[in-house]
Amino acid sequence: MAFEELQDNLEILFSNHNLDHFDLQNVTHRESFFYGLNTSQYYATLHDLQRLKPLYINDKMKEFYGFEHNTFSDIDYFYYFLTIHPTSYGVLLDSIVHFKKGGEGYLNLEYRLKNSKNKYEKFLGSTKSIFINKKAELAVTFLTKVEVFSKKNNQKPVNITTREREIIRFYCEGKEIKEIASYLNISESTIKVHLKNIYKKLGIRNSRELSSYFEKFS
């Protein structure tokens with residue numbers, strides 16, 4: 001499911017950054033985290049839960065909205081009402097209830113958001129809280145557009161990321177997960193999550209079927 005894939009990739013993001021002591025005032029920490037959001041394949045937003053406002057959107061989200069900047073200065077919760085379809089205001093209430101209850105776990109919702117051409121598009125989104133002093137202070141949302149692929153025409157999603165292409169290439173060359181992790185300087189668990197996502201995207205079940213896609217996606 002799309003929500004599971006979003007959650008898996010949020011876990012990767014959180015595991016790659018020290019969010020137990022997240023400090024927006026620490027320039028190095030902040031810029032590193034923003035870079036992580038910007039290199040994600042998803043539409044991403046960092047929210048301030050206390051002031052109900054976005055703090056940062058990645059380039060993919062910025063381009064979708066047609067905004068000039070990734071950060072916001074004098075914008076509050078009206079941002080959410082301006083960018084979300086009126087019939088979807090209920091998801092804002094669901095979000096508030098989730099965080100009022102402590103913000104544990106994941107918040108999975110469907111959204112209709114207005115793009116730069118004033119047209120609404122449908123997304124699935126998963127949100128995970130960043131806890132500071134055991135309180136949900138910030139949250140990250142990963143969104144993916146809802147697309148329908150025809151099984152009759154055997155159409156497949158083509159949103160294979162650069163990192164996933166690297167993993168496909170190494171894996172189909174016969175390298176072990178441990179070797180790939182060493183080559184790419186990431187953890188073995190991260191490689192496994194990427195492989196899981198690749199299988200879902202390509203609609204396949206095992207490494208043998210993955211090999212048949214090697215030429216197409218390498």
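Hi everyone, the protein chain here has 10 helices and five strands, taken as DSSP runs (H or I of at least four residues for helices, E of at least two for strands) and numbered from the N terminus. This is a predicted model, where local features need pLDDT of at least 70 and side-chain atom pairs count only at pLDDT 80 or more, while totals for chains, interfaces and linings use all residues. Residues are numbered from 1 along each chain as its sequence is written, and side-chain values use heavy atoms, with hydrogens and water left out.

Of the 218 residues in the protein chain, 46% count as buried, meaning under 20% relative accessible area with a 1.4 Å probe, protein chains only.

Now to a helix pair. The axes of H6 (residues 162-172) and H8 (residues 188-202) come within 10 Å and cross at roughly 95°; axes are lines fitted to C-alpha atoms over the stretch in contact, with angles from 0 to 180 degrees between N-to-C directions. H6 and H8 are therefore roughly perpendicular, the label for 65 to 115 degrees. On the H6 side, Ile167, Ile168 and Tyr171 are among the residues that meet H8, whose partners include Leu195 and Ile198; contact means heavy atoms within 4.5 Å.

And where does the lining of the second largest pocket come from? H5 gives the most, with eight residues. Strand S1 (43-48) and helix H3 (59-65) are among the elements that each supply at least two. Leu49, Leu52, Tyr80, Ser95 and Phe99 lie nearest the centre of that pocket.

Note on methods: Parallel < 35°, antiparallel > 145°, perpendicular 65-115°, else oblique. 1 Å grid on protein atoms, 1.4 Å probe; cavity = no way out; pocket = protein on both sides within 12 Å on 5 of 7 lines; lining within 4 Å. Buried < 20%, exposed > 50% of the residue type's maximum accessible area, 1.4 Å probe, protein only.
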